[in-house]
Amino acid sequence: MAVLSIKQAGEPVLRLKAEPVKKIDRTIHKLLDDMVATMDAAEGVGLAAPQVGVSLRVVVIDVGDGLLELINPELVHHEGAERGQEGCLSVTGYYGEVERYARVRVEALNRQGKRFQVTGEGLLARALQHEIDHLEGVLFTDKAITLTKATDKE
Ligand code: ZN
């Protein structure tokens with residue numbers, strides 16, 4: 001496993017629509033492993049492949065309830081709306097309030113290529129939507145109602 005460098009806002013790859021994974025092979029397994037290592041090293045709760053410079057629809061999330069690996073994730077259901085604070089490993093030093101669906105269901109493939117669904121609310125719902133946005137070339141700053149620069153004191 002390798003810790004990869006995280007692309008920062010301004011890098012073109014973060015603005016591309018990522019390509020679906022066609023074949024889940026060793027390259028994808030290594031990508032997932034490296035993304036998990038990178039997310040953990042950065043103490044993030046989620047990471048999308050474009051953030052490590054790979055324009056593929058691959059996401060890892062860990063909000064504290066266990067690791068989720070999602071290949072070709074799709075939002076299949078949503079309910080309600082909720083405002084909450086967000087940050088992003090690709091937009092360091094900024095936080096903002098973003099309105100998201102309160103509850104979501106996402107369908108994806110796991111690393112064995114098996115289709116599964118994950119239902120989430122709260123932080124998990126937020127992380128799922130934030131990471132899927134990355135696959136569309138969207139950053140949270142595009143949607144933020146407020147944007148705050150973190151001070152050195154924080
Ligand atoms: Zn992000």
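This is a predicted model: local features need pLDDT of at least 70, side-chain atom pairs count only at pLDDT 80 or more; totals for chains, interfaces and linings use all residues.

Student: What span should helix α1 have, and how far apart are its end C-alpha atoms?

Tutor: Helix α1 covers residues 26–41, so its 16 residues should span 22 Å, and the end C-alpha atoms are 22 Å apart, which agrees. Just after α1, Glu43 has a positive phi of about 55°.

Student: Which residues of α1 are buried?

Tutor: Start with the geometry: an α-helix has 3.6 residues a turn, so residues three or four places apart point the same way. In α1, the buried residues include Ile28, Leu31, Leu32 and Met35. Among the elements covering the buried residues of α1 are β1 (46–48), β2 (58–61) and β3 (68–79).

Student: Now the cores. Which residues have the most contacts inside the largest nonpolar core?

Tutor: A nonpolar core joins buried residues through side-chain atoms within 4.5 Å. Here the largest one has 16 residues, and Ile61, Leu70, Val106, Val118 and Leu128 have the most contacts inside it. β2, β3, β6 (103–109) and α2 (122–135) each supply at least two of its residues, with the largest share, six residues, coming from α2. There's also a second, separate core of 14 residues, including Ile28, Leu32, Leu47 and Val52.

Student: What does Ile61 touch?

Tutor: Leaving aside residues up to four places away in sequence, its contacts include Met39, Leu70, Leu124 and Leu128.

Student: On to the metal. Which residues coordinate the zinc ion?

Tutor: The zinc ion is held by Cys88 (SG), His130 (NE2) and His134 (NE2), at 2.0 to 2.2 Å, and the donors follow C-x41-H-x3-H along the chain. Cys88 sits in the loop between β4 (82–86) and β5 (94–100) and His134 in helix α2, so the pair ties together parts 46 residues apart in sequence. Cys88 and His134 are both buried.

Student: And Glu79: buried, exposed or partly exposed?

Tutor: Partly exposed, because its relative accessibility is 36%, between the 20% and 50% cut-offs. Glu79 lies in strand β3, and its side chain makes a polar contact with that of His77 (3.2 Å).

Definitions and conventions:
Residues are numbered from 1 along each chain as its sequence is written. Side-chain values use heavy atoms; hydrogens and water are left out. Helices (H or I, at least four residues) and strands (E, at least two) are DSSP runs, numbered from the N terminus. The expected span of a helix is 1.5 Å times one less than its number of residues. Buried means under 20% relative accessible area, exposed over 50%, partly exposed in between (1.4 Å probe, protein chains only). Contact means heavy atoms within 4.5 Å. Donors are N, O and S atoms within 2.8 Å of the metal (3.2 Å for Na, K and Ca); water is not among the atoms, so sites may look incomplete. A polar contact is a pair of N or O atoms within 3.5 Å; within protein, one must be able to donate a hydrogen and the other to accept it, and residues adjacent in sequence count only if both atoms are side-chain atoms.
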